[in-house]
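Subject: The structure I promised you

Hi,

Here is the structure we talked about, ready for you to open and turn around. Have a look first, then read on for what turned up.

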Amino acid sequence: MSLTAPIVDTETVLSVENLSVYYGNFLALKDVNLSIPQHYVTAFIGSSGCGKSTLLRCLNRMNELIFGSRVLGKINYRGTDLYAPTVDPVDVRRQIGMVFQKPNPFPKSIYENIAYPIRINGYQGDVEELVEQSLRDAALWDEVKDKLKQNALSLSGGQQQRLCIARALAIEPDLLLMDEPCSALDPISTARIEELIQQLSQQYTIVIVTHNMQQASRVSQMTAFFNTTSDEAGSGHGYLAEYGSTEQIFSDPAQDVTRDYVSGRVG
Amino acid sequence: MTQIEPQNLLQDRTADSPQFQANLPERYRADRLFQAAALLAVLIALAVLVMLLGDVLITGWPRLFTDFPDFLTSFPSRRAAQAGILSPLVGTIWLLVLTALFAIPTGVGAGIFLEEFAANTRLAQLIEINIGNLAAVPSIIYGLLALQVFVRWMEPITGGRSVLAGGLTLALLVLPIIIVATREALRAVPSSIRQAGFALGTTRWQVVRDHVLPIALPGILTGTILALSRAIGETAPLITIGALTFIAFLPPLSPLIEGLRSPFTVLPIQTYNWISRPQPEFQNNAAAAIIVLITVLLLMNATAIYLRNRTQQIRND
């Protein structure tokens with residue numbers, strides 16, 4: 001299988017080498033090789049069950065919380081093997097933040113949602129200031145500045161998701177992982193989040209899983225297309241079919257499966 | 001109950017289609033039949049409860065309020081008119097406090113460990129099944145175990161048939177219930193909350209302490225209170241370990257160790273003792289004691305319901 005090597009003129013934050021993921025005996029994802037360039041938005045696309053969310057969760061070791069999951073291969077994060085026994089997953093997740101499919105604010109005040117990770121990670125500066133800054137970064141400050149004491153669950157779905165982004169940004173992560181962050185939102189909220197992702201990409205490196213191809217083409221510079229093999233028993237495993245610049249993947253993909261998928265002719 | 005008559009607007013069309021026999025009147029008849037059966041079941045349960053309570057109230061009310069609160073503040077006596085429930089009431093409170101003290105930290109701790117920390121191994125599954133089974137073991141079995149362990153083996157500490165041994169026995173009895181209730185309350189906390197915590201670089205204990213426990217706490221409290229209300233109604237295991245039926249003194253609060261090692265009695269045992277006597281005056285005493293016991297139980301259950309409603313309110317906010 002020939003993968004188009006991405007021509008990237010930037011530092012690599014994270015590189016995945018021969019990564020396979022099992023859930024019990026089930027092979028979910030096989031032999032993935034790819035690298036995430038700094039200050040880029042990298043999109044993972046592909047049909048359901050092809051392992052793109054699984055890969056995303058491996059990048060900050062969240063997959064370990066799923067019972068029975070096993071990771072083979074290597075993930076290199078700025079020169080460190082992420083899965084080395086000396087590496088503490090808590091530390092990894094502090095550096096590599098994550099935003100989930102469904103907004104999951106803590107059932108506490110808006111202020112406390114942001115202040116919590118700041119305090120827990122031992123921030124030495126002015127907590128209040130950093131809360132405000134994080135909310136500004138997530139384009140939420142103007143909407144919530146008068147009701148910081150209110151329960152976060154009183155916000156709309158789109159606001160809650162931006163609150164979750166602000167919460168992830170509050171501890172200044174090196175890399176931000178987003179697992180279908182707009183799939184539970186209406187088109188207007190989605191547009192706001194996409195706009196936000198574009199702004200954030202100036203400062204942050206972002207990896208986003210999405211089912212929405214227009215979204216991938218709008219927000220990302222790099223795209224990885226995942227596909228599933230199906231054997232006769234019907235239990236195929238996911239693999240990385242093609243990885244390249246978003247422009248190339250959408251206009252001139254090297255493989256037919258990619259072309260069929262991005263043009264909407266799946267099958 | 002209003003019954004909407006089915007208007008078969010599409011009768012003409014369905015009549016044309018022999019493969020579908022909707023037969024609505026027949027199905028609505030089945031509906032009404034089931035409704036009536038369910039209502040009957042509710043009425044039977046209610047009638048039994050009302051009869052039971054009514055009987056107890058009629059028999060016990062006058063005794064309870066003759067020279068109120070003498071009945072609550074007198075020791076048991078051979079003369080029914082002078083007999084009160086001071087020592088069993090105080091004994092019940094002692095046991096309640098001791099049981100809570102032993103069972104809540106252990107039970108809630110075990111529940112948290114099993115649900116949040118233990119890996120899902122075969123051993124954990126075995127433990128889970130066994131705890132489920134323990135919750136269903138007849139209470140007299142706990143009494144037999146406690147008689148050997150707390151009364152005989154641990155006599156140098158418990159002082160034998162003492163309040164302390166009773167508290168330990170009831171703690172043992174409600175422990176599985178508290179563990180199961182704790183686990184259920186923890187399981188009801190959405191896993192997205194835990195993931196949110198972990199993704200921010202928090203440790204497992206921080207996630208549990210700061211996010212999971214606060215959400216689960218009212219549920220845990222509700223389960224715990226219900227478990228304790230079961231404990232204060234228990235008679236069999238306490239008879240087994242030798243709770244007395246006639247106590248004319250209270251366990252001293254100071255020195256505490258002496259109080260803990262005092263013999264004791266509780267409301268259900270006193271009631272049992274009185275009810276087995278032939279004189280009608282003692283029957284009245286028993287009914288009055290039952291009223292007191294039921295009042296304590298109702299208060300505890302009301303607290304549990306209040307806590308549960310408050311959680312739902314927080315979740316709906």
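Before anything else, one term: a residue is called buried when its relative accessible area is under 20%, exposed when that area is over 50%, and partly exposed in between. Also keep in mind that this is a predicted model.

**Cysteines**

Let's begin with A:Cys50. With a relative accessible area of 0%, A:Cys50 is buried. A:Cys58 counts as buried too, at 0% relative accessibility. For background, a disulfide is a covalent bond between the sulfur atoms of two cysteines. A:Cys50 takes part in none, and the nearest cysteine sulfur to it belongs to A:Cys58, 13 Å away. The cut-off here is 2.5 Å between the two sulfur atoms.

**Where the two chains meet**

The contact involves 23 residues of chain A and 19 residues of chain B. About 1800 Å² of area is buried between the two chains, and carbon and sulfur atoms give 67% of it. On chain A, the elements that each give two or more residues to the side touching chain B are α2 (89-95), β6 (96-99), α3 (110-120) and α6 (157-170). Sorted by class, that side of chain A has 16 nonpolar, 3 polar and 4 charged residues.

How many salt bridges are there between chain A and chain B? The answer is 0.

**Salt bridges**

Side chains of opposite charge can pair when their charged atoms come close. A search of the whole structure finds 17 salt bridges over all chains. Here are some to click on.

- In chain A, the side chains of A:Asp174 and A:Arg78 form a salt bridge, at 2.6 Å from N to O. This pair links distant parts of the chain, 96 residues apart: A:Asp174 sits in the loop between α6 and β7 (175-179), and A:Arg78 in the loop between β4 and β5 (80-81). A:Asp174 is buried, with a relative accessible area of 18%, while A:Arg78 counts as partly exposed at 33%.
- In chain B, B:Glu26 and B:Arg29 form a salt bridge, with their closest N and O atoms 2.8 Å apart. Both belong to helix α2 (residues 24-65) of chain B, and being 3 residues apart there, they are separated by about one helical turn. B:Glu26 is partly exposed at 40% relative accessibility, and B:Arg29 is partly exposed at 46%.
- Also in chain B, B:Arg183 pairs with B:Glu128 in a salt bridge, the closest N and O atoms being 3.6 Å apart. B:Arg183 lies in helix α8 (residues 163-187) and B:Glu128 in helix α5 (residues 122-134), so the pair ties together parts that are 55 residues apart in sequence. B:Arg183 is buried at 10% relative accessible area, whereas B:Glu128 counts as partly exposed at 36%.

**Two polar residues in chain A**

A:Asn76 is in strand β4 (residues 69-77) of chain A, and A:Asn76 is buried at 18% relative accessible area. A polar atom of the A:Asn76 side chain lies 3.4 Å from the backbone nitrogen of A:Gly79. Setting aside its neighbours within four places in sequence, A:Asn76 is in contact with A:Val13, A:Leu14, A:Ser15, A:Glu17 and A:Asp81.

A:Thr54 belongs to helix α1 (residues 52-59) of chain A. Is A:Thr54 buried or exposed? With a relative accessible area of 8%, A:Thr54 is buried. The side chain of A:Thr54 makes a polar contact with the side chain of A:Tyr23, at 3.0 Å. Not counting residues up to four places away in sequence, A:Thr54 touches A:Val21 and A:Tyr23.

Definitions and conventions
Residues numbered from 1 in each chain as written. Chains lettered and ligands numbered in written order. Predicted model: local features only at pLDDT ≥ 70, side-chain atom pairs only at ≥ 80, totals over all residues. Heavy atoms only, no water. Buried < 20%, exposed > 50% of the residue type's maximum accessible area, 1.4 Å probe, protein only. Contact = heavy atoms within 4.5 Å. Buried area = accessible area lost by both parts, 1.4 Å probe. Salt bridge = Lys/Arg side-chain N within 4 Å of Asp/Glu carboxyl O. Helix = DSSP H or I, 4+ residues; strand = E, 2+ residues; numbered from the N terminus. Nonpolar A, V, L, I, M, F, W, Y, C, P; charged D, E, K, R; others polar. Polar contact = N/O pair within 3.5 Å; in protein donor to acceptor, adjacent residues only side chain to side chain.
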